[in-house]
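Let's take a walk through this model together, with the coordinates open beside the text. Please load the structure in your viewer and follow along.

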Amino acid sequence: MMADKAEPVPAPRQGPRIIAVGSGKGGVGKSTLAANLAVALAREGRKVGLVDADIYGPSQARLLGTEGTRAVAHQGKLVPVQSPCGVPVLSMAHLTPPGQAIAWRGPKIAGALIQLVEAHWDNAELLVIDLPPGTGDVQLTMLQRFKPAGAVIVSTPQDLALMDAARAAELFTKGGVPVIGVVENMAGYACPHCGEVSDPFGSGGAELAAREMNVPFLGRIPLHIAIRREADAGTPTAAGEGPQAEAFAALAQAVGDWLDKAP
């Protein structure tokens, strides 16, 4: 008699719950949003870590003011770098010389992601994962090995970005990961001289796309020069005060409320 051998059921993974921050394309401000979301969640009192899974284009070291700090290993695992704003972070920028091009194929990329996620995160209850744009090797490794609790999709308002955002959301849905919602980034520009608000990338597109995908709309983050300046300086906007910080705080509250209600 012949029978198919049953596949072993993997044991439930212990450790922090994972929030994946993804986009279908680059240039939508996903990394800046991921850094500020992590900081805003930490300001809510949650124990948060941040993983820069954009292996080819790591930027979280600069965004969180930890450039030049080298990550070390302890008992075979990496030790996250503590940022000035209190959020521990790991990035390839903490493991390679500044400016060095990372030209790796898929299996090595997957191995790097595993090391970053399976680090000494100690008492962290949440890991925000800044994924690279698109739907490639890193996303597949994340879905297959770590299974995020949910995903936040970042898009700018214009149609081209929204098309790719829908593809990113579909990947998570097919992988059995619920989409927490869609964020409209770079939404509305207030002129610093006259105060008039314009919409260089359009307006409302992400909210409409969220409705069409039947997922929550998490809000809008304004296109403001202060966010860009503070990102470049390694002082995340969410760590301060003012309207821009409040926008990130509202996003963190929406994500936190979703997590509190999720099984």
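This is a predicted model: local features need pLDDT of at least 70, side-chain atom pairs count only at pLDDT 80 or more; totals for chains, interfaces and linings use all residues.

Residues are numbered from 1 along each chain as its sequence is written, and side-chain values use heavy atoms, with hydrogens and water left out.

Back to Gln75, which sits in the loop between strand 3 (72–74) and strand 4 (77–79). Here helices (H or I, at least four residues) and strands (E, at least two) are DSSP runs, numbered from the N terminus. Most residues other than glycine have a negative phi. Gln75 is not a glycine, yet its phi is positive, at about 55°. Asp122 shows a positive phi too, of about 50°, and is likewise not a glycine. You will find Asp122 in the loop between helix 3 and strand 7, and at 70% relative accessibility Asp122 counts as exposed. A further positive phi, near 45°, belongs to Lys147, which follows helix 4.

That brings us to helix packing. Two packed helices are described by the angle between their axes and the distance between the axes. Axes are lines fitted to C-alpha atoms, for helices over the stretch in contact, and angles run from 0 to 180 degrees between N-to-C directions. How do helix 3 and helix 4 cross? The axes of helix 3 (residues 106–117) and helix 4 (residues 137–146) come within 9 Å, at a crossing angle of roughly 50°. Helix 3 and helix 4 are therefore oblique to each other; angles under 35 degrees count as roughly parallel, over 145 as roughly antiparallel, 65 to 115 as roughly perpendicular and the rest as oblique.

Contact here means heavy atoms within 4.5 Å. On the helix 3 side, the contact is made by Gly106, Ile109, Ala110, Leu113, Ile114 and Val117, and these meet Asp137, Val138, Thr141, Met142, Arg145 and Phe146 of helix 4. Sorted by class, the residues of this contact are eight nonpolar, two polar and two charged. For these classes, Ala, Val, Leu, Ile, Met, Phe, Trp, Tyr, Cys and Pro count as nonpolar, Asp, Glu, Lys and Arg as charged, and the others, Gly among them, as polar. The buried residues of helix 4 include Val138, Thr141, Met142 and Phe146.

Now compare the pairing of helix 1 with helix 8 (residues 243–261), whose axes come within 8 Å and cross at roughly 70°. Helix 1 and helix 8 are therefore roughly perpendicular to each other. Leu33, Asn36, Leu37, Ala40 and Leu41 in helix 1 touch Phe248, Ala249, Leu251, Ala252, Val255 and Gly256 in helix 8. This contact holds nine nonpolar and two polar residues, with no charged ones.

Next come the charged pairs. A salt bridge is a side-chain nitrogen of Lys or Arg within 4 Å of a carboxyl oxygen of Asp or Glu, and the count by this rule comes to 10 salt bridges. One of them joins Lys30 and Asp130, whose closest N and O atoms are 2.7 Å apart. This pair links distant parts of the chain, with Lys30 in helix 1 (residues 30–43) and Asp130 in strand 7 (residues 126–130), 100 residues apart. Are the two partners buried or exposed? Lys30 is buried, at 6% relative accessible area, and Asp130 is buried as well, at 0%.

Glu118 lies in the loop between helix 3 and strand 7, and Arg145 in helix 4, 27 residues apart. Glu118 counts as partly exposed at 29% relative accessibility, and Arg145 as partly exposed at 44%.

Finally, look at Glu44 and Arg46, whose side chains meet in a salt bridge of 3.4 Å, N to O. Glu44 is partly exposed at 37% relative accessibility, whereas Arg46 is buried at 18%. Together with Asp260, Glu44 and Arg46 are linked in a network of salt bridges.

Key:
Buried means under 20% relative accessible area, exposed over 50%, partly exposed in between (1.4 Å probe, protein chains only).
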